[in-house]
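Hi everyone, thanks for making time this morning. I'd like to walk you through one model, so please have a look at it while I talk.

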2 protein chains.
Amino acid sequence: MAITLRLSDADFEQRFAAFLLTKREVSADVDAVVRAIIARVRAEGDAALIEYTQKFEKADLKDLGIAVSQDDIAKAYDAADPQTIEALKFARDRIRSHHERQRPKDDRYTDAIGVELGSRWTAIEAVGLYVPGGTASYPSSVLMSAVPAKVAGVERIVMAVPAPGGIINPLVLVAADLTGISEIYRVGGAQAIAALAYGTETIKPVAKIVGPGNAYVAAAKRQVFGTVGIDMIAGPSEVLVVADGSNDPDWIAADLLAQAEHDVSAQSILITDDPAFGAAVEQAVERQLKNLSRAETAAASWRDFGAVILVPRIEAALPLVDRIAAEHVELAIDEPESFLARMRNAGAVFLGRHTPEAIGDYVGGSNHVLPTARSARFSSGLSVLDFVKRTSILKLGPEQLRALAPAAIALAKAEGLDAHGRSVAIRLNM
Amino acid sequence: MAITLRLSDADFEQRFAAFLLTKREVSADVDAVVRAIIARVRAEGDAALIEYTQKFEKADLKDLGIAVSQDDIAKAYDAADPQTIEALKFARDRIRSHHERQRPKDDRYTDAIGVELGSRWTAIEAVGLYVPGGTASYPSSVLMSAVPAKVAGVERIVMAVPAPGGIINPLVLVAADLTGISEIYRVGGAQAIAALAYGTETIKPVAKIVGPGNAYVAAAKRQVFGTVGIDMIAGPSEVLVVADGSNDPDWIAADLLAQAEHDVSAQSILITDDPAFGAAVEQAVERQLKNLSRAETAAASWRDFGAVILVPRIEAALPLVDRIAAEHVELAIDEPESFLARMRNAGAVFLGRHTPEAIGDYVGGSNHVLPTARSARFSSGLSVLDFVKRTSILKLGPEQLRALAPAAIALAKAEGLDAHGRSVAIRLNM
């Protein structure tokens with residue numbers, strides 16, 4: 001049973017504040033272990049990758065090869081269900097169409113006194129995509145990180161994916177191939193992050209690493225940050241459903257469970273203005289849990305982190321929605337647009353009664369890599385912008401330099417930076 | 001004397017690769033100290049701020065107040081030189097005009113099958129600007145972080161600046177006032193970062209913290225990352241000047257010294273195709289060092305980290321420029337535009353012989369907070385984008401859900417996520 005909070009209760013603020021602070025993950029302190037792994041990969045290169053992979057993944061890279069071959073890709077296609085391959089292509093095309101609209105435009109202009117200014121966007125030269133192994137090895141996530149990189153124009157996209165027992169999910173290889181990734185390595189964990197950041201004999205270094213991973217991968221990403229760029233550190237997934245009493249409780253229960261089945265640390269929250277509806281959803285959750293393959297995971301998530309929040313009117317949910325700042329927000333209400341217009345914080349919003357969040361996970365076209373753990377207050381989902389960078393441009397002639405010089409020299413003087421002032425004055429014989 | 005590298009030498013690649021890896025900063029291991037400071041500020045709030053400030057800054061906040069008052073601002077205006085105030089206003093207006101062009105546009109559209117998609121940008125609600133104390137307390141840097149935040153529409157902009165011995169640079173307070181910052185606190189170091197991230201009785205928490213600082217500030221920002229957003233961790237400044245023999249050696253020497261005077265860890269690099277010109281610049285540097293207020297700093301920077309790189313033709317500089325990926329690149333050559341078109345990595349580029357980098361530090365209009373230490377390979381300078389975040393939007397009706405359902409259900413099944421598939425199927429009675 002999830003907890004129930006009532007906005008009308010005297011202790012609501014206190015309980016809601018505590019709820020917001022609930023830690024859903026114990027972050028293991030693996031910094032020292034990870035530091036040692038990175039140092040060894042830097043020093044010993046491929047030999048360290050082979051040894052760590054033997055130890056942690058029980059896979060022999062001397063036999064399998066560090067790099068995945070074209071033959072391995074062909075075998076993956078043979079092993080994959082044709083209908084799933086078609087679904088991946090359909091998803092890829094929709095994701096591509098959406099992300100093509102995200103390409104930032106260069107800007108170049110001349111101001112009133114003739115100074116030329118500009119911003120120019122260029123693709124990052126080489127990017128590493130980390131894909132987890134085992135049960136969390138999702139082909140859809142390969143599409144979600146590879147397609148924006150490709151649309152951005154990244155020339156070299158490298159994928160690292162562990163092969164526990166020598167096995168990689170064939171659909172992960174198919175998804176990589178469908179997005180044009182031709183460089184794939186059978187390495188995982190902190191050793192994969194070290195190889196991508198510093199390079200080995202086989203793996204040339206990249207400039208940025210993106211993708212989720214376990215505690216070792218997350219710690220390694222933090223440690224190599226600066227040497228390379230990294231994306232956000234992803235936490236467990238979450239959904240916040242704002243629903244009035246006009247919904248079918250079974251639909252909303254299915255949405256809450258779709259989040260809960262991801263992980264025992266996932267979180268599903270329902271905010272409603274109809275207590276009877278809230279109770280009906282809770283009953284539907286219990287009912288649906290009975291025939292779900294990942295029932296144990298979903299039940300634990302709902303029990304430990306699920307919540308039903310009762311508000312007197314749907315509008316009263318607004319400040320709570322912004323404070324929760326959820327990764328996914330569903331608005332299953334009559335006027336979702338006007339509610340959205342007054343919201344500030346969410347990774348992605350799903351409007352109306354026929355937009356289950358799962359559509360966004362696969363085929364909506366938008367990205368499913370989104371800010372978790374309240375970080376939608378200050379960050380955004382993965383996009384083309386994560387694979388480009390901006391260079392600013394300035395160009396003056398003698399006349400423009402003369403116009404700007406007095407203020408520049410005054411400020412340089414005020415800051416005690418003589419040589420700054422001189423580099424301006426010397427060009428004007430001042 | 002800076003080092004000299006010749007592209008034509010047999011050992012160039014080896015020496016250049018070593019040069020790129022040169023560490024210019026020793027990052028002190030202050031993690032444990034910082035962790036303790038953050039924990040105490042979280043537990044004890046204002047009392048901890050008062051005690052740390054007494055200890056580290058020799059300032060009594062019980063007497064001065066944690067918050068800077070309107071009266072303090074008025075006194076700062078009285079203490080400031082009127083010409084400098086005018087220069088700050090001039091700079092502010094130019095920075096504002098440029099950054100107003102960076103506001104990202106919302107996108108909302110309907111695709112061929114009727115699915116509505118969109119990206120909506122909103123300002124971060126509250127942002128903390130950290131400003132260092134002492135000699136690195138630059139009013140120009142206040143403008144560079146406050147103006148983009150204001151243009152982005154951030155409602156609450158909070159400044160934290162230490163007051164060693166009770167004193168804050170009056171120009172820093174004037175710059176804050178000129179950009180509309182009304183909430184300023186006399187706190188610095190890791191304790192300021194902790195207060196901004198977690199709040200105290202006096203300081204309400206913010207959602208993101210930006211601004212440079214010493215090793216304690218940098219470590220604190222890394223530690224609170226996740227609870228709040230942070231900007232990049234800035235390293236020592238650097239300039240790369242690409243210049244042919246048609247330049248006045250004195251102009252280029254002045255530019256190299258303008259960077260070197262910042263810090264003993266700053267770096268100035270000249271690439272030229274004219275060895276005699278390179279030697280003339282080196283002589284001009286030595287000459288100009290003789291009458292420079294910060295000669296000792298500039299001389300140490302040039303001696304320890306300066307470099308002159310000789311190439312047979314200017315075009316041969318291109319791959320080196322991209323590998324150095326400097327914060328600032330000056331192109332003092334005949335055809336800077338065509339060189340720029342073939343470059344990939346730089347924080348900011350200054351075109352032609354009349355665009356000294358110092359103009360960009362103050363009054364060009366572009367931002368002077370730029371990626372250092374080769375991070376221009378994967379990141380960008382500060383902009384309006386750092387103060388907004390994007391929410392993605394998806395909206396389906398029954399017909400659109402029916403069109404997307406088969407692929408979504410196939411992928412959910414392939415990933416073993418039953419409840420995902422069910423949340424789609426249940427709405428279509430499938």
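Helices (H or I, at least four residues) and strands (E, at least two) are DSSP runs, numbered from the N terminus.

Before going on, some housekeeping. This is a predicted model, where local features need pLDDT of at least 70 and side-chain atom pairs count only at pLDDT 80 or more, while totals for chains, interfaces and linings use all residues. Residues are numbered from 1 along each chain as its sequence is written, chains are lettered from A and ligands numbered from 1 in the order in which they are written, and side-chain values use heavy atoms, with hydrogens and water left out.

Back to Ala325(B): its phi is positive, about 50°, although it is not a glycine. Ala325(B) counts as buried because its relative accessibility is 0%; buried means under 20% relative accessible area, exposed over 50%, and partly exposed in between (1.4 Å probe, protein chains only). Ala373(B) is another residue other than glycine with a positive phi, near 50°. Ala373(B) lies in the loop between helix H16 (357-362) and strand E14 (388-395) of chain B, and with a relative accessible area of 45% it is partly exposed.

Now to chain A, and helix H9 (residues 189-198). Nine of its 10 residues are buried, among them Gly189(A), Gln191(A) and Leu196(A). What do the buried residues of H9(A) pack against? Their partners in chain A are helix H2 (31-44), helix H3 (46-57), strand E4 (126-130), strand E5 (156-160), strand E7 (208-210) and helix H10 (215-224); contact here means heavy atoms within 4.5 Å. Just after H9(A), Gly199(A) takes a positive phi of about 85°.

Some of you will like this part. UniProt, in an unreviewed entry, places the feature "binding site" at Tyr130(A), Gln191(A) and Asn214(A). Those positions are given in the numbering used here, feature names are shortened, and annotations may be inferred rather than shown by experiment. The three are spread over 85 residues of sequence, yet they cluster in space, with a largest C-alpha distance of 12.5 Å.

Tyr130(A) lies in strand E4 of chain A and, at 6% relative accessibility, counts as buried. A polar atom of its side chain lies 2.8 Å from the backbone nitrogen of Gly189(A). A polar contact is a pair of N or O atoms within 3.5 Å; within protein, one must be able to donate a hydrogen and the other to accept it, and residues adjacent in sequence count only if both atoms are side-chain atoms.

Gln191(A) is in helix H9 of chain A and is buried too, at 1% relative accessibility. The side chain of Gln191(A) reaches the backbone oxygen of Gly188(A) at 3.1 Å. Leaving out residues up to four places away in sequence, Gln191(A) touches Ile37(A), Val41(A), Leu49(A), Tyr52(A), Phe56(A) and Glu57(A).

Last stop, the sheet. Nine strands form an open sheet in the order E2(A)-E3(A)-E14(A)-E13(B)-E12(B)-E9(B)-E10(B)-E11(B)-E1(B), with mixed pairing; two strands pair if DSSP finds at least two bridges between them. At the edges are strand E2 (107-110) of chain A and strand E1 (3-6) of chain B, each pairing on one side only. Thanks, and happy to chat!
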